[in-house]
Amino acid sequence: MAAAAVIALLALTGVILLLQSTRGEVKATSPAPTLHAVASQPVGATATLASTLPPAPTAPAGDGAQSAATATLAPIATPDPSPIASQTAGAPKQPAGSFPPIVLLAPVGNITIEGDAERTFTWDWSGRLQADQGFQVLLWKDQTQPETAAEPVTTKTGSSWQQTIRLSQAPAVKKGGDGAYFWTVALIELTPYKQLGAKPAPRPLTYRSQKPAPRPTDTATPFVRLSPAPTIDLRPTPTPTPFGGGQRRF
């Protein structure tokens, strides 16, 4: 369509030039109108078609002064459209603040876990996991960084989320040994690994590698009643004299 418009303008200019070349009675009382050609361009183009034709020759003056009509194609500035912003690949599906909060359920309070005993940690979350998301139980000692306590959890058990962990095998316990720890749960992106949203306030727990030895039980001493010892007479027993054993005197 742009080419057709230019051809039409050129034809019109030729007609005007032809009329000017004749010595008719036509008098120009005002300058010939200026013709503008604007060629539409695709979105994003930075150049606009614009051309200017040289002024037409002036016809010789006759009985009266005749003004030559001039046809000019004046350039018209076309604003450069703003570039279209492209979406960034790998952008998070949800802003960090849009995730529902995680609510820790159990264990409650400062519990003590001993030896190789297992403990079940449970929590609740009102959101819905995406295919590349999960939960991670975190464990750490004071003044240290939180560490993963076990594998990520991606499947809900019953009405709540839960994971049973043998604390003696947790990396933080292997490095830190006995003592006081903190635990919480984080929403994570699996690949690449990244924690999403806010974590709930941590809860304390205590780990001991061995159970304390049982305290000795106080046993009452049985009361034994002793019978009195028998009395023994140590005096000599008298020996009787036999009858007729001596001399008889009259």
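**Figure 1. Overview of the predicted chain.** The model is predicted, so that local features need pLDDT of at least 70 and side-chain atom pairs count only at pLDDT 80 or more, whereas totals for chains, interfaces and linings use all residues. Residues are numbered from 1 along each chain as its sequence is written, and side-chain values use heavy atoms, with hydrogens and water left out. The chain has 2 helices and 9 strands; helices (H or I, at least four residues) and strands (E, at least two) are DSSP runs numbered from the N terminus. Their order from the N terminus is α-β-β-β-β-β-β-α-β-β-β. Of the 250 residues in the chain, 22% are buried; buried means under 20% relative accessible area, exposed over 50%, and partly exposed in between (1.4 Å probe, protein chains only). The chain exposes about 18700 Å², of which carbon and sulfur atoms supply 58%. Accessible areas come from the Shrake-Rupley method with a 1.4 Å probe, and for residues only the protein chains shown count as cover. Among contacts (heavy atoms within 4.5 Å) between residues at least 6 apart in sequence, 67% join residues at least 24 apart.

Figure 2. Two strands pair if DSSP finds at least two bridges between them. Strand β3 (residues 118-124) pairs with β1 (residues 103-106) in the antiparallel sense over 3 bridges. In this pairing, Leu-104 stands opposite Trp-123 in β3. Strand β3 also pairs with β6 (residues 161-166), in the antiparallel sense and over 6 bridges. Here Arg-119 stands opposite Ile-165 in β6.

**Figure 3. Aromatic rings around Trp-123.** The structure holds 5 aromatic pairs. The edge-to-face pair of Trp-123 and Phe-135 has 5.9 Å centre to centre and 65° between the planes. Because Trp-123 lies in strand β3 and Phe-135 in strand β4, this pair ties together parts that are 12 residues apart in sequence. Rings of Phe, Tyr and Trp (its six-membered ring) pair if their centres lie within 6.5 Å; planes under 30 degrees apart count as stacked, over 60 as edge-to-face and the rest as tilted. Both Trp-123 and Phe-135 are buried. One aromatic cluster is formed by Trp-123, Trp-125, Phe-135 and Trp-161.

Figure 4. Gln-143 has a positive phi of about 70° although it is not a glycine. Gln-143 is exposed, with a relative accessible area of 74%. The peptide bond from Ala-106 to Pro-107 is cis, with omega near 0°, and Pro-107 is placed in the loop between β1 and β2 (111-114). A cis peptide bond also leads from Thr-191 to Pro-192, with omega near -10°. Pro-192 is found in the loop between β7 (179-189) and β8 (194-196).

**Figure 5. A nonpolar surface patch that includes Val-15.** Leu-12, Val-15 and Leu-19 form this patch, which has about 280 Å² of accessible area together. Val-15 lies in helix α1 (residues 2-21) and is partly exposed, with a relative accessible area of 45%. Patches are made of residues with over 30% relative accessible area and no salt bridge, where like charges are joined within 9 Å and nonpolar side chains (Val, Leu, Ile, Met, Phe, Trp, Tyr) within 5 Å. A salt bridge is a side-chain nitrogen of Lys or Arg within 4 Å of a carboxyl oxygen of Asp or Glu.
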